[in-house]
Amino acid sequence: MPTKTPGTSIMRTPLGQMRGLGAARSGTGVWWAQRLTAFALIPLTLWFVCGIIRLAGEPRAVVTHWVAQPWVAALLIALVVATFHHLQLGLQVVIEDYIHAENSRLASLLAMKGAVLLLALLSVIAVLKMAIAPG
């Protein structure tokens with residue numbers, strides 16, 4: 001039996017109300033993951049921007065030497081992973097909200113996730129290449 005709150009009518013099954021599932025049927029997991037990645041991106045992005053400003057105008061050898069430090073490479077990879085995961089979560093919500101045809105939604109989600117994964121892998125490989133073989 002649907003419950004009513006003042007001024008609104010909620011049209012959900014009792015099981016849906018109990019689980020708290022929204023229109024995308026994913027609950028709050030994606031919402032929390034977006035907030036956690038956003039929170040992680042704040043210090044990582046600030047660190048990266050400060051590092052790039054400090055290295056502005058330096059030759060490539062100095063930049064690759066900086067990236068070759070293990071803690072720098074690890075933080076760069078964390079930045080790449082958090083950025084692309086945050087991107088994927090945001091695009092997933094947009095696709096689920098605005099593409100209503102089931103087949104189109106599934107195809108769009110698969111294409112988007114594949115593209116994001118490919119770009120993330122290329123970025124991690126670029127960081128590793130600079131970290132392992134600087135110069």
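What you're looking at is a predicted model, where local features need pLDDT of at least 70, side-chain atom pairs count only at pLDDT 80 or more, and totals for chains, interfaces and linings use all residues. Residues are numbered from 1 along each chain as its sequence is written, and side-chain values use heavy atoms, with hydrogens and water left out.

**The big picture**

The protein has five helices and two strands, and along the sequence they run β-β-α-α-α-α-α. Both kinds of element are DSSP runs numbered from the N terminus: helices are H or I with at least four residues, strands are E with at least two. Of the 135 residues, 24% are buried (under 20% relative accessible area; exposed is over 50%, partly exposed in between, with a 1.4 Å probe and protein chains only). Contact means heavy atoms within 4.5 Å. Among contacts with a separation of 6 or more, 63% join residues 24 or more positions apart.

**Helix α2**

Take α2, residues 29–55, with its 27 residues. At 1.5 Å a residue it should span 39 Å, and its end C-alpha atoms sit 38 Å apart, so the two agree. (The expected span is 1.5 Å times one less than the number of residues.) There is still a kink of about 30 degrees at L41, shortly before the proline P43; the bend is the angle between axes fitted to the seven residues ending at a residue and the seven starting there. After the helix comes G57, with a positive phi near 85 degrees.

The buried residues of α2, including V30, L41 and W47, pack against α3 and α4. Here are the helices with their residue ranges:

| Helix | Residues |
|---|---|
| α2 | 29–55 |
| α3 | 60–67 |
| α4 | 70–98 |
| α5 | 102–132 |

T37 is worth a look while you're in α2. T37 is buried, with a relative accessible area of 10%. Leaving out residues up to four places away in sequence, T37 touches A82, H85, H86 and L89. A polar atom of the T37 side chain also lies 3.0 Å from the backbone oxygen of Q34.

**Where α3 meets α5**

The axes of α3 and α5 come within 7 Å and cross at roughly 100 degrees. That makes α3 roughly perpendicular to α5. Axes are lines fitted to C-alpha atoms, for helices over the stretch in contact, and angles run from 0 to 180 degrees between N-to-C directions; under 35 degrees is roughly parallel, over 145 roughly antiparallel, 65 to 115 roughly perpendicular, and the rest oblique. At this crossing, V63, T64 and V67 in α3 meet V127, M130 and A131 in α5.

Key: Polar contact = N/O pair within 3.5 Å; in protein donor to acceptor, adjacent residues only side chain to side chain.
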